[in-house]
Amino acid sequence: MWRLVFALMLGSNLQSSWAQTAAASPIAPAEIKRQLDSGVRHGLLFELKRGDQHGWLYGTMHVGKPGVLPIDAEVMRAVQQVKAIAVEVDITDSARMQAAVRRYAYYPSGRTLADDLSSDDLRKLDAWLATRGIPRESALALKPWMLGATLVIVEAQRSGLSAELGADGVLIGIARAAQKPVREIETIDEQFDVLAAGSAKEQAADLMELIGSLQSGEELSELTTLAQAWLAADRAGLEAALDRLRSDPRASAQRSVDQVIIGRNRRMAERIDAMLQREPTLAAVGALHLVGDQSVLVELTKRGWTIKPR
């Protein structure tokens, strides 16, 4: 399940043409109104107060389900109360995202993924690519971490989930429609530095481990479970997902917990704290950053914030 963290962070930033599906159909205005009026909740929303300072923290998921508005009425009310929206990174800045992908995700000229895989592993990868109709040359141009994340997104799209309908991108659109500034909690380079960490040998081993999980259906099953928990605003279910990740004995899973989730929580909390001191803000981060005993919520509590689930 740790690979989902990588893939869901990237979400719609994946630029390989074969990782894209047709654009998600827009939700009709009447259906948007119906969903907002229904009282259905998605994700995790918390109200933050410290003295006369005030803000909101929203736990998102970076992919969504077609036909389901990922922003509920409570989040919309929070948006109306703040002066700014903060997201991990602005995923709608496609030029900057594509430039980062070119810097981090591709092998230099003269090298490919084939140089880092054994002949047996290369045969296994080729067989999987063939089942998904993925061009071999395009796939082998990607470094193992990026190819692995892309393969997970491909499976998500095949199962009916869409990166275009992730809560982050929808929230950015709402903020801009309301003429509210969109701030960034991290930089794209900081995120990619985390995602691209590890030696070529470690990344190659992780990729082959992923191929096995995709073949068994384990990866898609975990993604479906995580999406269902988020869509139902099931905090306990999201806690359980993090617990499964933390209990995974594989070194790759522990690197994911230590670097991709917990390793970013303190920095996120520091920057959200600074933003809230300047102006009322709704900060949106991946929901797994808001569960567990080392979460962003815990870090903000240490800084004197009173936090109330909504």
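1. Let's start with a salt-bridge network: Arg266, Glu270, Glu299, Lys302 and Arg303 are linked in it. A salt bridge here is a side-chain nitrogen of Lys or Arg within 4 Å of a carboxyl oxygen of Asp or Glu. Please keep in mind that this is a predicted model, in which local features need pLDDT of at least 70 and side-chain atom pairs count only at pLDDT 80 or more, while totals for chains, interfaces and linings use all residues. Residues are numbered from 1 along each chain as its sequence is written, and side-chain values use heavy atoms, with hydrogens and water left out.

2. Helices (H or I, at least four residues) and strands (E, at least two) are DSSP runs, numbered from the N terminus. Glutamate 299 counts as buried at 8% relative accessibility, whereas arginine 266, at 49%, counts as partly exposed. The cut-offs are under 20% relative accessible area for buried, over 50% for exposed, and in between for partly exposed (1.4 Å probe, protein chains only).

3. How many salt bridges does the structure hold? There are 27. One of them joins aspartate 273 and arginine 50, with the closest N and O atoms 2.9 Å apart. Because aspartate 273 lies in helix H13 and arginine 50 in strand S1 (residues 44–50), this pair ties together parts that are 223 residues apart in sequence. Aspartate 273 is buried, at a relative accessible area of 8%.

4. Arginine 264 deserves a look of its own. You will find arginine 264 in helix H13 (residues 251–278), and with a relative accessible area of 1% arginine 264 is buried. The side chains of glutamate 88 and arginine 264 form a salt bridge (3.2 Å, N to O). Here too the pair links distant parts of the chain: glutamate 88 sits in the loop between strand S3 (84–87) and helix H4 (94–104), 176 residues from arginine 264 in helix H13. Glutamate 88 is buried, as is arginine 264.

5. Arginine 264 also has polar contacts to consider. Such a contact is a pair of N or O atoms within 3.5 Å; within protein, one must be able to donate a hydrogen and the other to accept it, and residues adjacent in sequence count only if both atoms are side-chain atoms. The side chains of arginine 264 and glutamate 186 are joined by a polar contact of 2.6 Å, and the side chain of arginine 264 makes another with that of glutamate 88 at 3.2 Å.

6. Next comes histidine 289, in the loop between strand S5 (281–286) and helix H14 (296–302). Is histidine 289 buried or exposed? Histidine 289 is buried, with a relative accessible area of 5%. Leaving aside residues up to four places away in sequence, histidine 289 touches Glu88, Val260, Ile261, Arg264, Asn265, Met268, Ser295 and Val296. Contact means heavy atoms within 4.5 Å.

7. Helix H9 (residues 188–195) is largely enclosed by the rest of the structure, because six of its eight residues are buried. Those buried residues are Ile188, Glu190, Gln191, Phe192, Val194 and Leu195.

8. Which residues meet where H4 and H9 pack? Arg96, Met97, Ala100, Val101, Arg103 and Tyr104 in H4 meet Ile188, Asp189, Phe192 and Asp193 in H9. The residues of this contact of H4 with H9 divide into six nonpolar, no polar and four charged. In that scheme, Ala, Val, Leu, Ile, Met, Phe, Trp, Tyr, Cys and Pro count as nonpolar, Asp, Glu, Lys and Arg as charged, and the others, Gly among them, as polar. H4 and H9 pack at an angle of about 35°, with their axes 11 Å apart; axes are lines fitted to C-alpha atoms, for helices over the stretch in contact, and angles run from 0 to 180 degrees between N-to-C directions.

9. Finally, a backbone detail to check. Most residues other than glycine have a negative phi. Glutamine 179, however, has a positive phi near 60°. Glutamine 179 lies in the loop between helix H8 (167–177) and strand S4 (182–184), and is exposed at a relative accessible area of 74%.
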